[in-house]
Amino acid sequence: MSDYRPRLKGNKKKAYLNLCKDESRVLVIGDLHEPFCLDGYLEHCKDVYSKYNCNRVVFIGDCIDNHFSSYHEVEISADYTAKTELDFAIKKIAKWYKAFPKADVTIGNHDRLIMRKSQTSSIPKKWIKAYKDVLETPEWNFVDRVVIDNVQYIHGEAGTARTKCRADMQSTIQGHLHTQCYTEWYVGQNFKVFGSQVGCGIDATSYSMAYAKRGKKPAIACAVVLGGHTVINELMEL
């Protein structure tokens, strides 16, 4: 950050000083499901990163869709073969990697599809490449769970953020549930925790999302966590 300090007053000055604090400011990026991510979502996330002067990035999981290997019914007239879908996903993820070359990535259920199929076929893990090698993102850290400022970041297959944070008695931010975007606080006698759903970046009109086409509209959004104490849900203008 430069030494430049704008001449601000009142609430604007307070907000600016808050963003200059020496604390983590985490951009949380929702499910991408590449190559089926919505056009404009990358720019939205880049704008939010700059807006809040973020210094860390967490992808909340399902970076890749793997539709060709889905346990749902696969679209028989799909635009891509297994190879071309993966190639196109890697090409699109390269744009995310260029924008956010250092990031933690929680592993989602769609990310794990190939590993699950290998287990079905009794293929040892030793034969399977690491996520960062397949997706050509050598500096991304793929994990099941990451904790920053006592806030846990998980993909979220175990239920909603509002139930998970109370079950673990730990502030929790997660994805997985495409139609949910919120932050709720729970305050007890000796502690307070929040549960936050980050939303997603999917293109709901793509054939890969046909299994959910009669459901609710997805919440296209990302989030920012400031110092573990403040959560801001940022919905994308559509």
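This report describes the strands, the nonpolar cores and the cysteines of one predicted model.

Residues are numbered from 1 along each chain as its sequence is written, and side-chain values use heavy atoms, with hydrogens and water left out. Because the model is predicted, local features need pLDDT of at least 70 and side-chain atom pairs count only at pLDDT 80 or more, while totals for chains, interfaces and linings use all residues.

**The open sheet**

Helices (H or I, at least four residues) and strands (E, at least two) are DSSP runs, numbered from the N terminus. Two strands pair if DSSP finds at least two bridges between them. An open sheet of 5 strands has the order E5-E6-E7-E9-E8, and its pairing is mixed. Its edge strands are E5 and E8 (181-187), each of which pairs on one side only. On average, neighbouring strands of this sheet are turned by 15 degrees against each other, direction ignored. Axes are lines fitted to C-alpha atoms, for helices over the stretch in contact, and angles run from 0 to 180 degrees between N-to-C directions.

In a regular strand the side chains alternate between the two faces of the sheet. Buried means under 20% relative accessible area, exposed over 50%, and partly exposed in between (1.4 Å probe, protein chains only).

E5 is joined to E6 (residues 151-154) by 4 bridges, and the two run antiparallel. Within this pair, Arg-145 stands opposite Ile-154 of E6. The hairpin of E5 and E6 has 2 residues between the strands, and Asp-149 takes a positive phi near 55 degrees there.

Elsewhere in the sheet, E7 (residues 172-174) and E9 (residues 192-198) run parallel and are joined by 3 bridges. Gln-174 stands opposite Gln-197 in E9. Helix H6 (residues 161-168) lies across E6, E7, E8 and E9, and runs at about 150 degrees to E9. Contact means heavy atoms within 4.5 Å.

Strand E10 (residues 221-226) is largely enclosed by the rest of the structure, because 6 of its 6 residues are buried. Both of its faces are covered: Ala-221, Ala-223 and Val-225 lie on one side, and Cys-222, Val-224 and Leu-226 on the other.

E10 pairs with E1 in the antiparallel sense over 5 bridges, and Val-28 has Ala-223 of E10 as its bridge partner. E10 is also joined to E11 (residues 230-235) by 6 bridges, again antiparallel. In E11, Leu-235 is the bridge partner of Ala-221. E10 and E11 form a hairpin with 3 residues between them, where Gly-227 in the turn has a positive phi of about 60 degrees.

**The nonpolar cores**

In soluble globular proteins, nonpolar side chains tend to be buried together. A nonpolar core is a set of buried Ala, Val, Leu, Ile, Met, Phe, Trp, Tyr and Cys residues joined through side-chain atoms within 4.5 Å. The largest one has 34 residues, of which Leu-27, Ile-29, Tyr-41, Phe-59, Trp-96, Phe-100 and Trp-140 touch the most other members. At least two residues each come from E1, H2, E2, H3 (82-99), E3 (103-106), E4 (140-143) and E10. The largest share, 5 residues, comes from H3. A second, separate core of 15 residues includes Val-28, Val-143, Val-151 and Ile-173.

Phe-59 lies in strand E2 (residues 56-59) and counts as buried at 1% relative accessibility. Not counting residues up to four places away in sequence, Phe-59 touches residues including Ile-29, Leu-32, Trp-96, Phe-100 and Trp-140. Leu-32 is 27 residues from Phe-59 along the chain, and their C-alpha atoms are separated by 8.7 Å.

His-33 is placed in the loop between E1 (25-29) and H2 (41-51). His-33 is also buried, at 1% relative accessibility.

**The cysteines**

A disulfide is a covalent bond between the sulfur atoms of two cysteines. Here it is taken as a pair of cysteine sulfur atoms within 2.5 Å, and the structure holds 0 of them. The table gives two cysteines whose closest cysteine sulfur is too far for a bond.

| Cysteine | Relative accessible area | Closest cysteine sulfur and distance |
|---|---|---|
| Cys-37 | 6%, buried | Cys-45, 7.6 Å |
| Cys-54 | 6%, buried | Cys-222, 8.3 Å |
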